[in-house]
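Hi,

Here is the structure I promised to pass on. Have a look at it first, and my notes on what turned up follow below.

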Amino acid sequence: AILLGLRAMILVSRSISEPVGEVVEAMAEVEHGRIGRMVDVYENSEIGRLQSGFNRMVVGLAVFMWGTRFLGDRGLPPRPEAFRERIGGFLPKSWALMLGIVAFVPFAAYSLTLPTWVAWGMFVIAPVFLIYVIVIARRSTPEERGGIYTVIILSVFSIVFWACFEQAGSSMTLFTDREVDRRVFGWVVPTTWFLSVNPAFIVLLGIPFSILWGKLGRAHRDPSSPVKFGLGLILLALGFVAMVLAAQQAKSSGQAALSWLILAYFLHTTGELCLSPVGLSAVTKLSPKRMAGLMMGFWFFCTAFAGIAGGVIAKFTSGDAGYGGVFLVIVYVSLGAGVLMLALSPLLKKLTHGRA
């Protein structure tokens, strides 16, 4: 199930990476003033992409449905009969849920056409959401409160990780297109292909990492979730050290070696494997059952917020700092966040009574 799921993830990621590559090409054409070429690239990128992406996502859904047999009762509602209860005496809650989803889809689709409004909305919602979760935590038992506060702290630190990590789809891709020597045995590797490097490393390293954590757990030496978070942030910083060196090489000799980019993706992936699955597990493990859905929503809200922050970071590469300057700042920020998380890990472990 893991292998098939990872394969489906690769298929979906490619359906995303290919049009992203077309956008990168279009951006390069805009810089050279060839607006007509940009329009051609955009139109061609749309042909067949919808059907291709839909087919691949169906594969991913099929793998998920097939793999649910291995999940047992995990993720099922604690009280299934609640779906049969009626609101106002006539509308089943299950129907109310489905109608709400159907109504939300067009709203969400329309919001994609208003990115500036969505960004401002995130900044408005973020403090309200955080205060709401804290208020609920203060009304909970001391043990539940410690778990909720730990999830909040981990989620906030995840913003730093994802905002920097997602440079792979923006500033790192543009750097690859403009500053990296992509020739391999005389053939120029398309920029879009490098967006598949991270998923490829996930496939190669996902199972070894799960085996490693399992062995450490059986030996009672498994690091706590906060420690893994700290390691993930530090590995991310090391990956951007490679990007800083690549930027310096490109500035001095015209182009950077491809090996720096591959090394950066490798270190970023190892950091992701330390943080992403561990974070999702920590949310479900540390949150009270009645709040599991809410806290998972808070985790993904922080991930979305990180996407906005990542876009802001990427814009600075076009300024005086350039790629090297921005990548160096990312090194300092992610390294500092990782060290701080390692320093906080004993406190968080105590706060959760060893559950973290």
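**Charged pairs, rings and the core**

At 21% relative accessibility, Asp181 counts as partly exposed. Its salt-bridge partner is Arg183, with the closest N and O atoms 2.9 Å apart. Arg183 itself is exposed, at 54% relative accessibility. Before you read on, keep in mind that this is a predicted model.

A search of the whole structure gives 5 salt bridges. Another one of them joins the side chains of Arg182 and Asp177, at 3.9 Å from N to O. Here Arg182 counts as buried, at 15% relative accessibility, while Asp177 is partly exposed at 23%.

Asp222 is partly exposed, with a relative accessible area of 35%.

On to the rings: the structure holds 17 aromatic pairs. One of them is Phe129 with Phe298, edge-to-face, with 5.3 Å centre to centre and 85 degrees between the planes. This pair links distant parts of the chain, since Phe129 sits in helix 5 (residues 115–138) and Phe298 in helix 11 (residues 292–315), 169 residues apart. Both Phe129 and Phe298 are buried.

Phe229 and Trp299 also pair edge-to-face, at 6.1 Å centre to centre and 75 degrees between the planes. Phe229 belongs to helix 9 (residues 225–253) and Trp299 to helix 11, so this pair ties together parts that are 70 residues apart in sequence. Phe229 is buried at 0% relative accessibility, and Trp299 is buried too, with a relative accessible area of 2%.

There is also an aromatic cluster made up of Phe175, Phe240, Tyr323 and Phe327. Some of those names come back in the largest nonpolar core, which has 69 residues: Met172, Phe175, Phe240, Met243, Tyr265, Met295 and Phe327 touch the most other members. Helices that each supply at least two residues of this core include helix 5, helix 7 (171–179), helix 9 and helix 10 (258–286). Which helix gives the most to this core? That is helix 6, with 11 residues.

Cheers

Technical notes. Residues numbered from 1 in each chain as written. Predicted model: local features only at pLDDT ≥ 70, side-chain atom pairs only at ≥ 80, totals over all residues. Heavy atoms only, no water. Phe/Tyr/Trp six-rings, centres within 6.5 Å; stacked < 30°, edge-to-face > 60°. Helix = DSSP H or I, 4+ residues; strand = E, 2+ residues; numbered from the N terminus. Buried < 20%, exposed > 50% of the residue type's maximum accessible area, 1.4 Å probe, protein only. Core = buried A, V, L, I, M, F, W, Y, C linked by side-chain atoms within 4.5 Å. Salt bridge = Lys/Arg side-chain N within 4 Å of Asp/Glu carboxyl O.
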